[in-house]
Amino acid sequence: MQKFKAVIFDLDGTLANTLPLCIHAFRLSIEPYIKRTVSDEEIIATFGPSEEGTIMSLAPDYYDNGVADYIMHYKAHHEMCPAPFDGMKELLTQLNTKGVRLAMVTGKGKKSADISLERFGLADYFELLETGLPQGPSKPQGIKSILQVWRDIEKHEVIYIGDAPSDITACREAGIPIAAAAWAETAEPEKLNLLEPDHLFYNVPDFSRWILRNT
């Protein structure tokens with residue numbers, strides 16, 4: 001049976017249902033400057049880069065103010081997502097107790113990732129954190145950076161858990177297995193299935209039981 005020595009987590013849509021909060025904060029940060037309504041689809045279409053990349057795409061003339069406003073609104077409205085998914089903190093605690101190495105690779109910018117991890121009380125669970133870049137998707141590089149630190153762990157002993165199709169392609173590029181997370185309201189299981197992840201889970205309890213058996 002495959003045994004994993006380390007788990008790398010995504011944040012948005014995997015650890016917690018933060019995507020509605022992100023979209024809300026983007027709308028509050030962008031619309032006052034560009035004087036029009038921005039749809040969810042417009043915002044989501046810019047995802048890949050960090051928040052700075054989204055602001056650059058949708059309100060380039062107001063970049064500095066837009067980024068500052070986003071962080072302000074993200075923090076101020078974090079009660080929209082007051083806690084991680086049910087069972088997630090307990091899972092992280094159990095993995096830590098077992099001595100499993102934990103890291104996070106997220107497309108979020110550093111400031112918003114820190115805000116959420118602090119709000120959830122989870123910052124101390126992850127020994128390494130790789131965040132997004134304004135220029136574009138950075139998860140393959142983030143995963144590879146983690147693997148460089150974990151030189152004593154083989155690639156097949158590390159698994160990534162993420163909710164986006166791009167997470168699957170990032171793991172393929174980095175050469176590690178992936179468990180696709182389809183438990184958020186924003187998940188798209190059909191798109192995940194098409195990319196044939198190594199594993200696919202529709203709820204946190206099923207994933208928790210599986211990963212605890214395999215670590």
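Author: Helices (H or I, at least four residues) and strands (E, at least two) are DSSP runs, numbered from the N terminus. With that in place, Ser50 lies in the loop between helix 2 and helix 3 (51-58).

Reader: What kind of model is it, and how are residues numbered?

Author: This is a predicted model, in which local features need pLDDT of at least 70 and side-chain atom pairs count only at pLDDT 80 or more, while totals for chains, interfaces and linings use all residues. Residues are numbered from 1 along each chain as its sequence is written, and side-chain values use heavy atoms, with hydrogens and water left out.

Reader: Back to Ser50, then: buried or exposed?

Author: Ser50 counts as buried, at 2% relative accessibility. Buried means under 20% relative accessible area, exposed means over 50%, and partly exposed is in between (1.4 Å probe, protein chains only).

Reader: Which residues does Ser50 touch?

Author: Not counting residues up to four places away in sequence, Ser50 touches Gly107, Lys108, Gly109, Gly132, Leu133 and Pro134. Contact means heavy atoms within 4.5 Å.

Reader: Now the sheet. What is the strand order?

Author: The order is 3-2-1-4-5-6 in an open sheet of 6 strands, with parallel pairing. Two strands pair if DSSP finds at least two bridges between them. At the edges stand strand 3 (128-130) and strand 6 (199-201); each has a single partner strand, so one side of each is left without a neighbour in the sheet. Direction ignored, neighbouring strands of this sheet are turned by 20 degrees against each other on average.

Reader: What holds strands together in general?

Author: Strands of a sheet pair through backbone hydrogen bonds, either parallel or antiparallel.

Reader: How many bridges does strand 1 have with strand 2?

Author: Strand 1 and strand 2 run parallel and are joined by 4 bridges. Phe9 stands opposite Met104 in strand 2.

Reader: Where does strand 3 join in?

Author: Strand 3 pairs with strand 2 (residues 101-105) in the parallel sense over 3 bridges. Met104 has Leu129 of strand 3 as its bridge partner.

Reader: Which strands does helix 8 touch?

Author: Helix 8 (residues 165-174) packs on the sheet and touches strand 4 (158-162) and strand 5 (178-181). The direction of helix 8 makes about 175 degrees with that of strand 5. Helix 10 also packs on the sheet, touching strand 1 (6-9), strand 4, strand 5 and strand 6, and its direction makes about 140 degrees with that of strand 6. For such angles, axes are lines fitted to C-alpha atoms, for helices over the stretch in contact, and angles run from 0 to 180 degrees between N-to-C directions.

Reader: How do helix 4 and helix 6 lie against each other?

Author: The axes of helix 4 (residues 63-76) and helix 6 (residues 110-120) come within 10 Å and cross at roughly 10 degrees. The two helices are therefore roughly parallel to each other; angles under 35 degrees count as roughly parallel, over 145 as roughly antiparallel, 65 to 115 as roughly perpendicular and the rest as oblique. Tyr70, Ile71, Tyr74 and Lys75 of helix 4 make the contact with Lys111, Ser112, Ile115 and Ser116 of helix 6.

Reader: One last topic. How many aromatic pairs are there?

Author: There are 10 aromatic pairs. In one of them, the rings of Phe207 and Trp210 have centres 6.4 Å apart and planes at 35 degrees, so the pair is tilted. Rings of Phe, Tyr and Trp (its six-membered ring) pair if their centres lie within 6.5 Å; planes under 30 degrees apart count as stacked, over 60 as edge-to-face and the rest as tilted.

Reader: Where do Phe207 and Trp210 sit?

Author: Phe207 and Trp210 are 3 residues apart in helix 10 (residues 204-213), and are separated by about one helical turn. Both residues are buried. Together with Phe4, Trp183 and Phe201, they form one aromatic cluster.
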